[in-house]
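Me: I have a model open and want to learn to read its packing. Can you take me through it feature by feature?

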Amino acid sequence: QILILDPFTTKLLSTCCKMSDLMSEKITIVEDLYKSREPVPEMKAIYFMTPTAKSVDAFIDDFKIKPKYKGAYVYFTDYCPDELFNNMKLYCGKHIRICKEINIWFMPQEAQVFTCDNPGAFQSIYSPHSQDKKKTLETLADQLVSLCATLDEGDLVLGYLNIFSLQGKTQAQLLIVERGFDPVSPILHELTYQAMAYDLIDIQNDIYRYKSKDGSEKQAFLNEDDMLWVRLRHKHIAEVLEDKLCKFSSDVEGVKVKDPMRTLLPVLLNPYGIYDKIRAVLLYIFSLNGTTDENLSKLIQHVKIEDEREFILNWKELGVPIITTPINFSRKPTRRDRSQGETYNLSRWTPVIKDVMEDAVENKLDTRDWPHQSENPAAWNGSGAVSARQKHKTSSQDERRTGSRLIVFVIGGITHSEMRCAYEVTHAVKSCEVIIGSSHILTPNSLLDDIKALSKHPMEFFTIDERSNA
């Protein structure tokens, strides 16, 4: 059999299986739906594709005039609109043997991490010039429904609320937050292996390319198949004992910094890169919950970004206070005290999402921040006790799968440190598996570029009508 994929499903399958897995299912050839292919009329073709006009048109072209294959077995990642389905039926219905929608319109990034594979959602949602915010949010909602269906948590009650509750017989809750709820985590220099690697090294599509000692080009795939990577990715870089860019939340004794400016100035005076200095300035502003116009102007002059102040000012589009106002309506969440639990001096910052996860599991979410809450699943009670329906299981992974789930979705991108929190809370609670996802995974510098671009207007196209003067 031949397996035919579009770009999304190609990426999707590559996260889940290897070519050897496909061959064991009698798949001998894998083809690109969008590329020109030679006809193989004696073979059956399996189409795994997204329900888009481009994919459906490419499929129709394979059968409309002269069939390329013996028969078509079509599997869509999600609901296929009636118009596209009717076109398929009209032009090549007699060649279709199976047509199914299998609800897997998301990207399984890691064991407990998923994305919607949509970095462009950040601009669509947060840009004041966006023309497709509603459509983007609706698409993300559909992808979340797809995730819940795949996890067999199908009784999803949708609404534009802070929290979506999964009701009925389900053992899950779904929390949805916006990127502006924690501006520090995506900007801070993290000291754990995975987060630091993606911050400092050019890693594209989870592939690290490097030169070996003999000068040959090599590449390392940083994924679930590399057991060494999985074992080390959340560990602390213990060798890093002094990093001035990490010291805005607390000093080496764990005491809150009383004079952030004294910490900031050495960074601005040293020959660090422009992005590092911008990050330092942002951390300073975040620590104060905003600064004055006069002070901000001085900081911008120090960093020499007078013509690129959007790097800082555009955070307001995420609801993050940059300029201090007489009445500041933003309320900082109360953080948990973790001063006794840290191993290394500079490991004092914990992403806010970890507090949210722990509060959710312990049924302690603040009703002012989460006014639309349902009862927590009975399978978790915050004590870490395993429910009775799990008692015959021996594997901790099996226990979590038959217990309850907390699904957290961050609109506008997640960081590697926030991804790590899902594993940490799962390990601590045991009776609840935490799954975290977003539109995409971000790095500090990619987020800064996205923030700056929020000021741009969408590209406009003009038609020039050339007419003769005669």
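Reply: Start with a helix. This is a predicted model. Six of the eight residues of helix α7 (residues 193-200) are buried, so the rest of the structure largely encloses it.

Me: Which residues of α7 are buried?

Reply: Buried means under 20% relative accessible area. In α7 that applies to Gln 194, Ala 195, Met 196, Ala 197, Tyr 198 and Asp 199.

Me: What covers the buried residues of α7?

Reply: Look for the elements in contact with them. The cover includes strand β6 (107-110) and the helices α8 (227-232), α10, α15 (416-429) and α16 (444-453).

Me: Now the whole protein. How many helices and strands does it have?

Reply: Count 16 helices and 13 strands. Of the 470 residues, 46% count as buried. Then check the range of the contacts. Among those between residues at least 6 apart in sequence, 72% join residues at least 24 apart. The accessible surface comes to about 25600 Å², and carbon and sulfur atoms account for 51% of it.

Me: How do I read a nonpolar core? Which residues touch the most other members of the largest one?

Reply: Look for buried nonpolar side chains joined through their atoms. The largest such core here has 60 residues, and Ile 312, Trp 315 and Phe 409 touch the most other members. Helix α10 (residues 274-288) gives the most to this core, with eight residues. A second, separate core has 24 residues, among them Val 113, Ile 353, Val 356 and Cys 432.

Me: What is Trp 315 in contact with, leaving aside its neighbours within four places in sequence?

Reply: Its partners on that basis are Pro 183, Ile 187, Leu 282, Phe 286, Val 320, Ile 322, Leu 447, Leu 448 and Ile 451.

Me: Take a loop residue next. Is Ile 305 buried or exposed?

Reply: Ile 305 is found in the loop between α11 (293-303) and α12 (310-313). Its relative accessible area is 1%, so Ile 305 is buried. Leaving aside neighbours within four places in sequence, Ile 305 is in contact with Ile 274, Ile 278, Ile 300 and Ile 312. Ile 278 is 27 residues from Ile 305 along the chain, and their C-alpha atoms are separated by 8.8 Å.

Me: On to the rings. How many aromatic pairs are there, in the whole structure?

Reply: A search finds 12. Read each pair by centre distance and plane angle. For Tyr 47 and Phe 59, the ring centres are 4.7 Å apart and the planes are at 85°; planes over 60 degrees apart count as edge-to-face, so this pair is edge-to-face. The pair links distant parts of the chain: Tyr 47 lies in strand β3 (residues 40-49) and Phe 59 in helix α3 (residues 53-61), 12 residues apart. Tyr 47 is buried, at 0% relative accessibility. Phe 59 is buried too, also at 0%. Tyr 47, Phe 59, Phe 63 and Tyr 69 form one aromatic cluster.

Me: Why does the pair Phe 122 and Tyr 126 count as tilted?

Reply: Their ring centres are 5.1 Å apart and the planes are at 50°, so the pair is tilted. An α-helix has 3.6 residues a turn, so residues three or four places apart point the same way. Phe 122 and Tyr 126 are four residues apart in helix α5 (residues 121-126), about one helical turn. Both Phe 122 and Tyr 126 are buried.

Me: Where does the charged end of Lys 54 sit?

Reply: Check the charge against the ring centre. The charged end of Lys 54 sits over the ring of Tyr 34, 4.3 Å from its centre. Lys 64 has its charged end over the ring of Tyr 91, 4.4 Å from the centre.

Methods
Residues are numbered from 1 along each chain as its sequence is written. This is a predicted model: local features need pLDDT of at least 70, side-chain atom pairs count only at pLDDT 80 or more; totals for chains, interfaces and linings use all residues. Side-chain values use heavy atoms; hydrogens and water are left out. A nonpolar core is a set of buried Ala, Val, Leu, Ile, Met, Phe, Trp, Tyr and Cys residues joined through side-chain atoms within 4.5 Å. Buried means under 20% relative accessible area, exposed over 50%, partly exposed in between (1.4 Å probe, protein chains only). Helices (H or I, at least four residues) and strands (E, at least two) are DSSP runs, numbered from the N terminus. Contact means heavy atoms within 4.5 Å. Rings of Phe, Tyr and Trp (its six-membered ring) pair if their centres lie within 6.5 Å; planes under 30 degrees apart count as stacked, over 60 as edge-to-face and the rest as tilted. A charge sits over a ring if NZ of Lys or CZ of Arg is within 6 Å of the ring centre and within 35 degrees of the ring normal. Accessible areas come from the Shrake-Rupley method with a 1.4 Å probe; for residues, only the protein chains shown count as cover.
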